Amino acid sequence: MTEVSIAEEASKYKDLCEQKYDLARNHNKRLSHQRISDKDGEVIDSLRLSLNLNYAIFLFEQKDEKKEALRILKKEIQDALDDFDKWNPAEVEEIKKQVELIQENINLWKEDVDTDSDEENWFII
């Protein structure tokens, strides 16, 4: 039996988590495409926002992929605000909370990430 270092175990679990996030995100995309075929356009829902928020936190905290995490959150908040009319009406309050959490993370993280000058002018909700 060989000894496995804590760093190797941690790396293994990080990779496993990333695989699970990819599965969940792909499943959510399939659901979104199904909604598009059923309705006009994609519905912004709290599941999508929370899944991408959690994935971005994982990337930022565990994988040290800070720029990618920040990019994901900025895209999610921009999509959500651009498509305000497509928010699931039954989840408006939950979506607002998710958008606020995303914005909080953007504000906290942008200090830790080297950003281009045009990305630094981000808005506050």
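**View 1. Salt bridge between Lys66 and Asp64.** Lys66 pairs with Asp64 in a salt bridge, with 3.8 Å between the closest N and O atoms; a salt bridge is a side-chain nitrogen of Lys or Arg within 4 Å of a carboxyl oxygen of Asp or Glu. Lys66 is partly exposed at 26% relative accessible area, whereas Asp64 is exposed at 57%. Buried means under 20% relative accessible area, exposed over 50%, and partly exposed in between (1.4 Å probe, protein chains only). The model is predicted, so local features need pLDDT of at least 70 and side-chain atom pairs count only at pLDDT 80 or more, while totals for chains, interfaces and linings use all residues. Residues are numbered from 1 along each chain as its sequence is written, and side-chain values use heavy atoms, with hydrogens and water left out.

**View 2. Salt bridge between Arg48 and Asp79.** The N to O distance in this salt bridge is 3.4 Å. Arg48 belongs to helix α2 (residues 46–61) and Asp79 to helix α3 (residues 66–82), so the pair ties together parts 31 residues apart in sequence. Helices are DSSP runs (H or I, at least four residues), numbered from the N terminus. Arg48 is buried at 8% relative accessibility; Asp79 is partly exposed at 21%. Both residues belong to a network of salt bridges that also links Lys75 and Glu76.

**View 3. Salt bridge between Lys96 and Glu93.** The side chains meet at 3.7 Å, N to O. Lys96 and Glu93 are three residues apart in helix α4 (residues 92–109), a separation of about one helical turn. Lys96 is partly exposed at 37% relative accessibility, and Glu93 is exposed at 52%.

Terms used: Helix = DSSP H or I, 4+ residues; strand = E, 2+ residues; numbered from the N terminus.
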